[in-house]
Amino acid sequence: MLTYARILAVPAVAICFFVEGRLHSSDTARWWALGIFVAAAVTDFFDGYLARRLGQSSNIGKMLDPIADKLLVATALLLLAADTDKTIQGWSLWAAIIILCREILIAGLREYLAGLKVSVPVSRLAKWKTTAQLVAIGFLLAGPAGDKIFPYTTQTGLILLWISAIVTLITGWDYFRAGLKHVVEE
């Protein structure tokens, strides 16, 4: 149920950027988007924790959980790059591109490996990668609205975005290296 709620949060975050009928984020829209995003991010933690604690792991949950994370991250990054405030712009777009490309490539690799009946477990660093991405995006969603309260909100978010992009590259390489031996054998 928490995974489904996270998936439903994706269009809700996007709607916040379109409240005025066009892609634009007022301060109020940014705070609403941040609130929904944080609630969704928190469900990511509790989803895995409760599934392990209560022994309620399922195949559909294992499939949908990473998809929900990727949908949430990708949607937020695209909105932040396209919004009139251009929260993510210039060189910082490369951090977003790195994150999006890694997520798509590793998802494809995992799907291919699943066809070979090979499972690549999620590493602890990959969990930290997701956390870093979610925290960075949280700061960036607050963006200019947050800058009015904490003057370096956007800059903090951009620094964290680059840090998460670097961790994303490292975990992507780890998965690629682990999966490559199975791809070569096939």
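Which residues does E103 touch, not counting residues up to four places away in sequence? I started there and got K70, K129 and Q133, with contact meaning heavy atoms within 4.5 Å.

Ground rules before going on. I'm looking at a predicted model, where local features need pLDDT of at least 70, side-chain atom pairs count only at pLDDT 80 or more, and totals for chains, interfaces and linings use all residues. Residues are numbered from 1 along each chain as its sequence is written, and side-chain values use heavy atoms, with hydrogens and water left out.

**E103**

I placed E103 in helix α4. Helices here are DSSP runs (H or I, at least four residues), numbered from the N terminus. I then looked up the accessibility: E103 is buried, with a relative accessible area of 7%. My scale is buried under 20% relative accessible area, exposed over 50%, partly exposed in between (1.4 Å probe, protein chains only).

**α3 against α5**

Next I checked how helix α3 (residues 59-82) meets helix α5 (residues 124-147), and found an angle of about 35° with the axes 11 Å apart. The axes are lines fitted to C-alpha atoms, for helices over the stretch in contact, and angles run from 0 to 180 degrees between N-to-C directions. The crossing of α3 and α5 is left-handed, that is, the near helix is turned anticlockwise from the far one by less than a right angle. On the α3 side I noted D69, L72, V73, A76, L77 and L80; α5 brings T130, Q133, L134, I137, L140 and L141. By class, the residues of this α3 and α5 contact come out as nine nonpolar, two polar and one charged. For the classes, Ala, Val, Leu, Ile, Met, Phe, Trp, Tyr, Cys and Pro count as nonpolar, Asp, Glu, Lys and Arg as charged, and the others, Gly among them, as polar.

**α1**

Helix α1 (residues 2-16) has 15 residues and spans 21 Å from first C-alpha to last, close to the 21 Å expected at 1.5 Å a residue. The expected span is 1.5 Å times one less than the number of residues. I listed the buried residues of α1 as T3, R6, A9, V10, V13, A14 and C16. These buried residues pack against α2 (27-54) and α3.

**Aromatic pairs**

I counted three aromatic pairs in the structure. Rings of Phe, Tyr and Trp (its six-membered ring) pair if their centres lie within 6.5 Å; planes under 30 degrees apart count as stacked, over 60 as edge-to-face and the rest as tilted. One of them is F45 with F46, edge-to-face at 5.1 Å centre to centre and 75° between the planes. F45 counts as exposed at 52% relative accessibility, while F46 is partly exposed at 38%. F150 is partly exposed at 42% and Y152 exposed at 54%.

T153 sits in helix α6 and is buried at 5% relative accessibility. Leaving aside neighbours within four places in sequence, T153 contacts F139, A142, G143, G146 and D147.

L180 is also found in α6 (residues 153-185).

What phi does K86 have? I read a positive value of about 50°, although K86 is not a glycine. Most residues other than glycine have a negative phi. K86 is in the loop between α3 and α4 (92-115).

Definitions and conventions. Helices (H or I, at least four residues) and strands (E, at least two) are DSSP runs, numbered from the N terminus.
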